[in-house]
Amino acid sequence: MTSERSLHRDWGVYIDGRWTEPVNGGRLDALSPSSGARFASVASGDANDVGLAVGAAARAAGHWASVSAFERAAKLNEAARLIAANRESLARALAEDQGKPLLSEAYDEVDELGVYFVMAAEDAKRDSGSMPRSVDPNRRILQYRVPLGVVGVISPWNWPYTMGAELFAPALAAGNTVVWVPAPSTAACSAQLTDVIAQAGFPAGVFNFVSGPGPVVGDALAGHPAIDGIGFVGSVLTGAKVAQRSAGKVQILELGGNGPFVVLEDADLDAAVAATLDAAFLCAGQSCTAGELFLVHRKVREEFTERLLHSIRESVKLGDPFDDSTTMGPLNNELNALKFDRHIQDARARGARIVAGGARAPGFLTSLYAQPTVIDGVSTEMAIATEETFSPVVPIMEIGSDAEAIEVMNRNQFGLTSAVFTRDLARGLRYAEAARAGWVNVNAS
């Protein structure tokens, strides 16, 4: 186990090319979900800071839009280079602030973050127009994309780096300026990423960062009249509020999920179990694309469950994120941990059987460590079958036919992701076409 954890710093807001204190001087302590220790502080900004950031972005928008795509791509590639050069400190900040295991997850997110910037840089150079036919043979139509203007980005705490970058890197590549509001509980590592991006040489005002309570700074950003587009990743409830506040603006919203994961009687159970470990326990189950309801055919339910329990014992190690043997860290915050408690209690009260875990794990420095949990006998009236649990849980519901599985899948109010495991490709494709989900995996999680 390593003794060095992450770098300490008291972060401000980053506006118009410089770090400064928030207008009201407010600060929030950054507390590690794994140790409970204060390791940094972040600015607790308000609508005044958002206004300053949006103003800076608006002033910079005209110049940044006029810069060639190749020059914008060069800045993005430089940011990617700096991310790689700062891989160690960024990963350690992520492990401390979010709770991801350093070795098995935090480094991977930093590496993926760099790829997002490289992809955006390449897309900037390839973005082109077209010349569609006109009904008038004497006219030509030239169609091409132009920057939107100022884009606000509100990102979640489960993937603090990549979920923000999947929105603001393409926005920058397309010639837009950005104001980023991160989730408060991972604002410290997000500020550290901002500091790295700032070194890439973007002109002042092109990229801005304001941390603070979501209902304050997020609301001010979404509703600001000078914001031309808003990008949000997070819960359905908050997403609905963001959509309402930003009505009339361009919106990109990626909201919650309760992805049904179907295991049919002809499935490769080894593959299904391996995929379940990723689907349920990556990021301690705190992912909008996690498998959160496992529909297992009655002919293989018992065998699937036995194999899964064995694999959990062999492969899932709950522990300190800075311990090299850890594969799953704590939940990020108490609010999410309380939902884990509530869903387990509700399932048990309605007749489900806890076959592994089912509680917070004792013996750690905080109460945010949730045991890897498997629940059998889940039914559709349980909260764990209808809501986004966002915790390391495998709720198993028995199904007996394709029709039954698809009917349960399509009760899901989210429709973000789903998966089906079968050796029959045609059968898998029928699920892909029938499931009301934007993303259907066949034999993959």
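Predicted model: local features only at pLDDT ≥ 70, side-chain atom pairs only at ≥ 80, totals over all residues.
Local features need pLDDT of at least 70 and side-chain atom pairs count only at pLDDT 80 or more, while totals for chains, interfaces and linings use all residues. Residues are numbered from 1 along each chain as its sequence is written, and side-chain values use heavy atoms, with hydrogens and water left out.

**View A. Helix α3 against helix α6.** The axes of α3 (residues 87–98) and α6 (residues 187–198) come within 8 Å and cross at roughly 165°, where helices (H or I, at least four residues) and strands (E, at least two) are DSSP runs numbered from the N terminus, and axes are lines fitted to C-alpha atoms, for helices over the stretch in contact, with angles from 0 to 180 degrees between N-to-C directions. The crossing angle therefore makes α3 roughly antiparallel to α6 (under 35 degrees counts as roughly parallel, over 145 as roughly antiparallel, 65 to 115 as roughly perpendicular and the rest as oblique). The contact (heavy atoms within 4.5 Å) is made by Ser89, Leu90, Ala93, Leu94 and Asp97 of α3 and by Ala187, Ala188, Cys189, Gln192, Leu193 and Val196 of α6. By class, the contact of α3 with α6 has eight nonpolar, two polar and one charged residues (Ala, Val, Leu, Ile, Met, Phe, Trp, Tyr, Cys and Pro count as nonpolar, Asp, Glu, Lys and Arg as charged, and the others, Gly among them, as polar).

**View B. Helix α3 against helix α4.** The axes of α3 and α4 (residues 102–126) come within 9 Å and cross at roughly 120°, which means that α3 is oblique to α4. On the α3 side the contact includes Arg87, Glu88 and Leu90, and on the α4 side it includes Leu102, Ala106 and Tyr107. The residues of the contact of α3 with α4 divide into eight nonpolar, no polar and five charged.

**View C. The largest pocket.** About 1300 Å³ of space lies in the largest pocket; on a 1 Å grid over the protein atoms alone, a pocket is an open set of points with protein on both sides within 12 Å along at least five of seven lines, a cavity is a set where a 1.4 Å probe fits but cannot get out, and lining residues have an atom within 4 Å of a point. Grid points are joined across faces, edges and corners, and a volume is the space filled by probe spheres set on the points. Of the 43 residues that line the largest pocket, Trp157, Phe232, Gly234, Ser235 and Thr238 are the closest to its centre. Helix α8 (236–245) is one of the elements that supply at least two lining residues, and α8 gives the most, with seven.

**View D. The largest cavity.** The structure holds four cavities of 30 Å³ or more, and the largest cavity has a volume of about 50 Å³. Its lining includes Tyr14, Ile197, Phe202 and Phe207.
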